[in-house]
Amino acid sequence: MRACFLISRYSFIYFFISLPMLQINDVNMGITMIKARAHSNIALVKYWGKKNIALNTPAVGSISLCLEALYTETGVLFDPLLEKDELLLNGRPATEKERSRVSSFLDIIRREAGSRQAARVESVNNFPTAAGLASSASAFAALALAASRAAGLELSGQELSILARMGSGSAARSLFGGFVEMHRGRREDGRDAWAEPLYPADYWPLQVIIAITSEVQKKTGSTDGMELSRRTSPYYRAWVDSSEDDLAAMRAALAEKDFQKLAEVSEFSCLKMHALAMASNPGLIYWSAATLELLHWVRTLREQGTPVFFTIDAGPQLKIICPPSYSSAIVDQLSGHPAVERTIVSALGPDARVLGA
Ligand code: DP6
């Protein structure tokens, strides 16, 4: 039997997706809050640009690392007594904008499960959202897992990744631990745009140091930023056309455990993404003076022989990657740096999982 799946982030657009027979488990609905944990991730080969906004399919593939230290835990309870979805974020009622984004996402799951019940959703990040660290990846991955289970759906990793993608593109990668590749897919319906694990966390135990700069800027979010780049940046076509080469180079660096190559490809993809963003109109500048200062600091360290490189997402924080044996010396040096407010150190993290199951 084929299930009818609703695929849209913000509007009701139906399309058919081949899924195995899905079960509706009435026992779970309205009785137990199902909780799931998903870890955040950072892309080494970046996702920037969408092929289809309604389906939230990426214009380019991406490769990421899962972060053990940063995660979201989300509980979902479908409750027949609720009139509309309720959302608590870090213990406080969410804004209407946040609630309706989650509600649209839950509509996809309700459609699939054949349910009209509203849900209570409680989501907690173990990291400060105010520090400007991305939380949509871990948030939508945890929500996809908890809400689908709470609705009685048993989805495969691939199906969960497609579902999470509709909440946020980077969330498709947060279902899996270690090194993960997101495929941009070719199909118009987005059924082949999903992430899969490349290598588990212990394959190459790197560490990530997040340098939180004192200046947390108000920024254009990724969703709006990448659309602006698609519409206005003269570099957009070149970005999309060169993405497959970056992915191939990254796969090779990982297969060979070649740190130098890993550093080169990661910094190339990161700087290319930011050049694309800066060349949008109006230009998107996610860096602060501290970001630029730290970027040079990391490069100098590498020139002096330390295996280390940086990556930067849609904000001013620098993420620094190195083998574990170099991490504490780097953190010590960063702690005294005037541009750094504090650091978070993370090993590579595991798959998303249902808690208490
Ligand atoms: C710079 O996944 O947040 O972090 O799909 O619109 O929710 P939406 O975008 P999002 O974009 C992440 C952009 C990035 C690079 C990356 O993680 O690959």
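# Close-ups of a predicted model

View 1. Take the lining of the second largest pocket class by class and you get three nonpolar, three polar and six charged residues. This is a predicted model, so read each view as a prediction. The pocket holds a volume of about 210 Å³. Around its lining you'll find Gly61, Glu181, Met182, His183, Arg184, Gly185, Arg186, Asp192, Trp194, Glu244, Leu247 and Arg251. Two elements, β10 (179–182) and α6 (243–256), each put in at least two of the lining residues. The top contributor is α6, with three residues. Both domains have a hand in this one: domain 1 (5–200) and domain 2 (207–347) each give at least three residues to the lining.

**View 2. Helix α6, from end to end.** Staying with the helix that gives the pocket lining three residues, α6 runs for 14 residues. From first C-alpha to last, α6 reaches 20 Å, close to the 20 Å expected at 1.5 Å a residue. Which residues of α6 are buried? They are Ser243, Asp246, Leu247, Met250, Ala253 and Leu254. Look down the axis of α6 and these buried residues fall within an arc of 125°, so they line one face of the helix. The general rule is handy here: an α-helix has 3.6 residues a turn, so residues three or four places apart point the same way.

View 3. Lys257 sits in the loop between α6 and α7. Its phi is positive, about 50°, although Lys257 is not a glycine. That's worth a second look, because most residues other than glycine have a negative phi. Is Lys257 buried or partly exposed? With a relative accessible area of 40%, Lys257 is partly exposed.

**View 4. Asn56, another positive phi.** Asn56 is a residue other than glycine with a positive phi, near 50°. You'll find Asn56 in the loop between β4 (50–52) and β5 (57–58). How accessible is Asn56? The relative accessibility comes out at 0%, so Asn56 counts as buried, the cut-off for that label being under 20%.

**View 5. The cis bond at Pro282.** Here a cis peptide bond joins Asn281 and Pro282, with omega about 0°. For context, most peptide bonds are trans. Pro282 belongs to the loop between α7 (259–278) and α8 (289–303).

View 6. Helix α1 (residues 96–113) has 18 residues and spans 25 Å from its first C-alpha to its last, close to the 26 Å expected at 1.5 Å a residue. Its buried residues are Arg99, Val102, Ser103, Ser104, Phe105, Leu106, Asp107, Ile108, Ile109, Arg110, Glu112 and Ala113. Ser100, also in α1, is partly exposed, at a relative accessible area of 32%. Ser100 and Asp85 are 15 residues apart in sequence, and their C-alpha atoms are 8.5 Å apart in space.

View 7. Helix α9 (residues 324–335) has twelve residues and reaches 17 Å from its first C-alpha to its last, close to the 16 Å expected at 1.5 Å a residue. Buried in α9 are Ser327, Ile330, Val331 and Leu334. They cover an arc of only 105° around the axis, which puts them on the same side of α9. What does the face turned away from the buried side of α9 carry? There you'll see the exposed residues Ser325, Ser328 and Asp332.

View 8. Trp204 lies in the loop between β11 (195–199) and β12 (207–213). At 11% relative accessibility, Trp204 counts as buried. Phe179 is 25 residues away from Trp204 along the chain, with 9.0 Å between their C-alpha atoms. Thr32, for its part, is in the loop between β2 (14–17) and β3 (34–45). Thr32 is partly exposed, with a relative accessible area of 38%. How far apart are the C-alpha atoms of Thr32 and Ala150? They are separated by 7.8 Å, although the two residues are 118 residues apart along the chain.

Key. Residues numbered from 1 in each chain as written. Predicted model: local features only at pLDDT ≥ 70, side-chain atom pairs only at ≥ 80, totals over all residues. Heavy atoms only, no water. 1 Å grid on protein atoms, 1.4 Å probe; cavity = no way out; pocket = protein on both sides within 12 Å on 5 of 7 lines; lining within 4 Å. Points joined across faces, edges and corners; volume = space filled by probe spheres on them. Helix = DSSP H or I, 4+ residues; strand = E, 2+ residues; numbered from the N terminus. Nonpolar A, V, L, I, M, F, W, Y, C, P; charged D, E, K, R; others polar. Domains from an automatic or database assignment. Expected span 1.5 Å × (residues − 1). Buried < 20%, exposed > 50% of the residue type's maximum accessible area, 1.4 Å probe, protein only. Arc of directions from axis to C-beta.
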